[in-house]
Amino acid sequence: MMTCQEFAVDIADTLAGSATPAARARAEAHFGECSSCRANAALWQALGDLPADAPSPEMQVKFGRHLSGRPSAPRWAWLTIAAAVAVGIFSFFAGRFTAPPSASTDIAVLRHEVRNLREVVALSLLDQQSASERLRGIRYSSALEGTDPEVVDALSRTLRNDPSVDVRLAAADALQRFPLPASVSESAWQLLEHDDSPLVQIAVIDLLSSRKDPAVRARLETLRDRSGLDSNVRDYLQALLSTQRSKGNPVQ
Amino acid sequence: MAAVQGGESSALGELFNRHHGALYRYFLRMSGSASLSEDLTQEVFLRVLRKSETWQRDARFASWMYRIAHNAFIDHTRRNKWETAMPEKLDIAAPATRQLEHDEEHALLRRALMAMPPDKRELLILSRFQGLKYEQIGELLGVETNTVKVRVFRALGQLREIYERMSGQPGLSVAGGRN
């Protein structure tokens with residue numbers, strides 16, 4: 001007696017509707033004898049009945065915006081920023097005129113707690129699945145005071161590993177305001193070898209060339225001469241190195 | 001695609017309009033996450049633009065696109081090992097119609113699909129949902145067409161085992177209980 005496995009090709013073809021009449025007849029005869037394969041065929045049918053989910057209509061708009069260049073900040077974002085600034089100014093003056101001197105310690109504690117909360121929110125957003133949430137995390141991190149090593153690490157990790165070019169670019173920009181530990185700088189150099197986005201490569205070059213490190217220029221020159229480097233990146237590097245040379249500034 | 005390859009990046013918009021729905025559903029069934037699927041769908045079209053010179057004019061665009069999608073998903077999985085291929089909760093919107101029994105069966109079937117190893121899940125997704133012929137899947141995965149058929153047959157058997165284990169009963173209640 002033949003085993004189910006021996007009917008595998010006939011069954012697969014029959015399910016897909018691509019079987020020859022003979023193969024279909026063999027498969028159907030086997031279904032008549034084998035409840036297991038009959039159940040598999042029913043499952044195939046059931047899979048086809050699963051409703052098809054549609055992407056959100058916004059997806060096309062977002063992609064169109066992406067194609068036509070970098071997305072501009074929406075108006076509401078500016079309103080939010082303006083509102084935050086207004087609240088900040090009001091709080092500053094209100095605190096100045098109303099808080100008794102003895103409250104200054106409490107305010108410092110409160111500020112510290114708020115800062116910690118912001119760091120937690122930023123780190124949590126950077127771990128989200130959605131790219132837009134991770135971008136929010138990066139914006140949060142940019143608003144942080146001080147240089148929390150955990151935030152720098154998270155941004156560095158995002159720069160190295162995030163699947164979205166937008167997010168990697170934003171992470172490179174955000175890192176500009178932090179002093180970079182040697183390990184983070186080194187991983188940024190390694191990223192230049194691996195990242196397949198010329199935009200990200202240029203952003204990383206900007207990040208590294210803004211550091212006061214005498215070894216940067218030599219490494220950038222080596223990178224410029226590397227075979228296989230994107231021509232746009234090479235041109236950018238060339239221009240950067242020439243500008244720095246003419247200014248007598250060896251890339252910091 | 002020929003226009004994109006010729007440097008008309010605006011033609012990518014037309015390709016996106018034509019294929020993004022199918023590609024989104026591929027990622028949704030692979031990952032169970034709507035937001036991730038949107039991100040990866042967009043990522044695929046950007047890769048299409050970047051890698052357009054590698055497309056050969058006699059190649060079927062869909063096969064080439066799914067190869068890029070397959071690689072994008074693998075890259076994502078490698079980069080995010082903490083995200084298992086099986087999320088605890090799927091963020092797929094519930095259907096508006098209230099066919100409770102069917103909905104429960106569908107939800108169970110989706111969970112069973114998500115519980116499969118990603119390579120086997122992908123075989124069923126490509127062959128059953130994305131409409132790819134076995135020959136195209138073979139090209140995409142670099143295996144013989146008959147190997148694909150045998151693997152699909154086995155994957156289906158494995159899906160049924162998982163489904164039955166989850167539902168706690170032998171046989172299928174879906175599709176009117178054909179067993």
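Student: In which helix of chain A is A:V121 found?

Tutor: A word on the source: this is a predicted model. A:V121 sits in helix α6 of chain A, residues 104–126.

Student: Is A:V121 buried, partly exposed or exposed?

Tutor: Take the relative accessibility and compare it with the cut-offs. Buried is under 20%, exposed is over 50%, and partly exposed lies in between. A:V121 has 27% relative accessibility, so A:V121 counts as partly exposed.

Student: Now the interface. How many residues of chain A and of chain B are in contact?

Tutor: Begin with the counts. 48 residues of chain A contact 51 residues of chain B. Then take the area. The two chains bury about 4800 Å² between them, with 63% of it on carbon and sulfur atoms.

Student: How many salt bridges are there between chain A and chain B, and how many residue pairs in polar contact?

Tutor: There are two salt bridges between the chains. One of the pairs is B:K149 with A:D13, where the closest N and O atoms are 3.0 Å apart. Polar contacts between chain A and chain B come to ten residue pairs, both residues at pLDDT 80 or more.

Student: Which helices of chain A supply at least two residues each to the side that touches chain B?

Tutor: Four are listed: α1 (8–16), α3 (35–49), α4 (58–67) and α9 (165–175). The most comes from α3(A), with 14 residues. Sorted by class, that side of chain A has 25 nonpolar, 14 polar and nine charged residues.

Student: Turn to chain B. What does its secondary structure come to?

Tutor: Chain B has eight helices and zero strands. Next, ask about burial. Of its 179 residues, 50% count as buried. Then ask how far the contacts reach along the chain. Among chain B contacts between residues at least 6 apart in sequence, 66% join residues at least 24 apart.

Student: Why does B:H106 count as buried?

Tutor: The cut-off for buried is under 20% relative accessible area. B:H106 is at 10%, so B:H106 is buried. B:H106 lies in helix α5 of chain B, residues 100–114. Now look for its partners. Leaving aside neighbours within four places in sequence, B:H106 contacts A:D49, A:L50 and A:P51.

Student: Which residues of helix α7 of chain B are buried?

Tutor: First the general idea. An α-helix has 3.6 residues a turn, so residues three or four places apart point the same way. In α7(B), residues 134–141, the buried residues are B:Y134, B:Q136, B:I137, B:G138 and B:L140.

Student: What do those buried residues pack against?

Tutor: Elements of both chains. From chain A they meet α1 and α3. From chain B they meet α4 (61–79), α6 (118–129) and α8 (145–167). Following α7(B) comes B:G142, with a positive phi near 75 degrees.

Student: Last, the cores. How many residues has the largest nonpolar core?

Tutor: It has 64 residues. Those with the most contacts inside it are B:L23, B:Y26, B:F27, B:V44, B:L124 and B:L159. Take B:Y26. Not counting residues up to four places away in sequence, B:Y26 touches B:Y66, B:A69, B:H70, B:E122, B:I125, B:L126 and B:Q130. A second, separate core has 40 residues, including A:A172, A:L180, A:V200 and A:L220.

Notes. Residues are numbered from 1 along each chain as its sequence is written. Chains are lettered from A and ligands numbered from 1 in the order in which they are written. This is a predicted model: local features need pLDDT of at least 70, side-chain atom pairs count only at pLDDT 80 or more; totals for chains, interfaces and linings use all residues. Side-chain values use heavy atoms; hydrogens and water are left out. Contact means heavy atoms within 4.5 Å. Buried area is the accessible area (1.4 Å probe) that two parts lose on being put together, summed over both. A salt bridge is a side-chain nitrogen of Lys or Arg within 4 Å of a carboxyl oxygen of Asp or Glu. A polar contact is a pair of N or O atoms within 3.5 Å; within protein, one must be able to donate a hydrogen and the other to accept it, and residues adjacent in sequence count only if both atoms are side-chain atoms. Ala, Val, Leu, Ile, Met, Phe, Trp, Tyr, Cys and Pro count as nonpolar, Asp, Glu, Lys and Arg as charged, and the others, Gly among them, as polar. Buried means under 20% relative accessible area, exposed over 50%, partly exposed in between (1.4 Å probe, protein chains only). A nonpolar core is a set of buried Ala, Val, Leu, Ile, Met, Phe, Trp, Tyr and Cys residues joined through side-chain atoms within 4.5 Å.
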